[in-house]
Amino acid sequence: MTRGRRKGIKKIGILTGGGDAPGINAVIRAAVKVAVRHYRLKVIGIEQGFGGLIENRTRKLGLKEVRGILPRGGTILGTTNRDNPFHYPVRQADGTIEFQDVSQRVLENLHRNGIEALIIIGGDGSLKIASQLWERYSVPVVGVPKTIDNDLSATDQTFGFDTALSTATEAIDKLHTTAESHYRIMVLEVMGRYAGWIALQAGLAGGADVILIPEIPFDINKVCDKIRERSAEGKQFSIVVVAEGAKPIGGEMVVKKVVQDSFEQIRLGGIGNVVGEQIEKLTGIETRVTVLGHLQRGGSPTPFDRILGSRLGAAAVNLLMEGRFGEMVCLRTPHIASVPLAEAVGEMRRVPLGSDMVRMARQIGISFGN
Ligand code: F6P
């Protein structure tokens, strides 16, 4: 995969693509510091994801530009989960939209800005584009895995997940006190797409009674059995954490909307309300639903995400300077390692059913609704 060292790199670019995740700025900051201080490189920031590379929206990134950004959520460069250069919406004369391959414009703009190598910070959608740029055009790229969903198989953990997990756990803690006071069922819907990592771990950390994840289709009657069992034991409230990708046995995930020009067209959402209504109907116990939504993506990164982001950002520059293009930096605890991009985007990391976390959860009495 790696096609050798490209000697004398003087200028690199950094791009953030896909949904934001707390810790991106830590990656950018570390990458810029290592590039400027250690390798004496110039750094160009590409604004608004791949759209910025297609439309040539760039700016200089120096030490001054990254000062003070370590604790900041979001990305100082802006991002989008649209604008795939290999499938880009172009408005036609008659007003209709046609999807075209505009990847040549990416090459032109890299050349125009003198960018010799590129760090792409993204989830599987952005990293697939990074892989294509490398495979098709030998653009010297290095990927940095980012997503709150923690669903990239080639890394032990993505940065952003730990912060999302803290936010979701705090939400469960808050729901607990009001659930208990009002003798209610509280349903919390969390993000995570097709993987149940946020729901599982926040549910464990927050002491949920039921956790519904995409990997374990549920039976609503079993969910209600658990709630009734708790009532019979004198526990007049219950906490149900539902991953947005959870689905009933034999049923489908709930799709909130389809975004045509996005890398990932399906937006999940709504299962929390479905589950909440069914629980109230079947148990007769007052049930309230909270959808945590984008709160999970916002805010200041946890110390873990700041450090992981910094390690990955520094490693990405080191990898570029070693000429190891077409790779993605990753966490192989306790080390930072790298894998070929093609391998990194090949497989989604889902909760293994035999994992000790699932087993422990069952043993301490948590229901997965099955
Ligand atoms: O991949 C990150 C994520 O937050 C998912 O958990 C969620 O399904 C999706 O992005 C939401 O995307 P958007 O910000 O486009 O609504």
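Modeller: A pocket is an open set of grid points where a 1.4 Å probe fits, with protein on both sides within 12 Å along at least five of seven lines. Please bear in mind that this is a predicted model. Its largest pocket has a volume of about 630 Å³. Of the 32 residues lining the largest pocket, Asn-81, Asp-149, Arg-193, Arg-267 and Arg-297 are the closest to its centre.

Biologist: Which elements give two or more residues to the lining of the largest pocket?

Modeller: They are α4 (124-137), β8 (185-190), β11 (255-258) and β12 (266-268). By residue class, the lining divides into 13 charged, 12 polar and seven nonpolar residues.

Biologist: How do you know that the largest pocket lies between domain 1 and domain 2?

Modeller: The chain is divided into domain 1 (11-152 + 301-344) and domain 2 (161-297). Both domains give residues to the lining of the largest pocket, and therefore the pocket lies between them.

Biologist: What describes the contact between the two domains?

Modeller: Their centres, taken over C-alpha atoms, are separated by 33 Å. Domain 1 brings 26 residues to the contact and domain 2 brings 19 residues. The size of an interface is often given as the accessible area lost when the parts come together. Here domain 1 and domain 2 bury about 1900 Å² between them, with 53% of it on carbon and sulfur atoms. On the domain 1 side, Arg-82, Ile-148 and Asp-149 supply 32% of the area buried against domain 2, more than any other three residues. Four salt bridges are found across this interface.

Biologist: Why is the pair Glu-47 and Arg-59 said to tie together parts that are apart in sequence?

Modeller: Glu-47 lies in the loop between β2 (42-46) and α2 (49-55), whereas Arg-59 belongs to strand β3 (residues 58-60), so the pair links parts that are 12 residues apart in sequence.

Biologist: What is to be noted about the backbone at Pro-334 and at Asn-150?

Modeller: The peptide bond from Thr-333 to Pro-334 is cis, with omega near 5°, and Pro-334 lies in the loop between β14 (327-332) and β15 (335-340). Asn-150, in the loop between β7 (141-145) and α5 (161-182), has a phi near 60°, a positive value in a residue other than glycine.

Notes. Residues numbered from 1 in each chain as written. Predicted model: local features only at pLDDT ≥ 70, side-chain atom pairs only at ≥ 80, totals over all residues. Heavy atoms only, no water. 1 Å grid on protein atoms, 1.4 Å probe; cavity = no way out; pocket = protein on both sides within 12 Å on 5 of 7 lines; lining within 4 Å. Points joined across faces, edges and corners; volume = space filled by probe spheres on them. Helix = DSSP H or I, 4+ residues; strand = E, 2+ residues; numbered from the N terminus. Nonpolar A, V, L, I, M, F, W, Y, C, P; charged D, E, K, R; others polar. Domains from an automatic or database assignment. Contact = heavy atoms within 4.5 Å. Buried area = accessible area lost by both parts, 1.4 Å probe. Salt bridge = Lys/Arg side-chain N within 4 Å of Asp/Glu carboxyl O.
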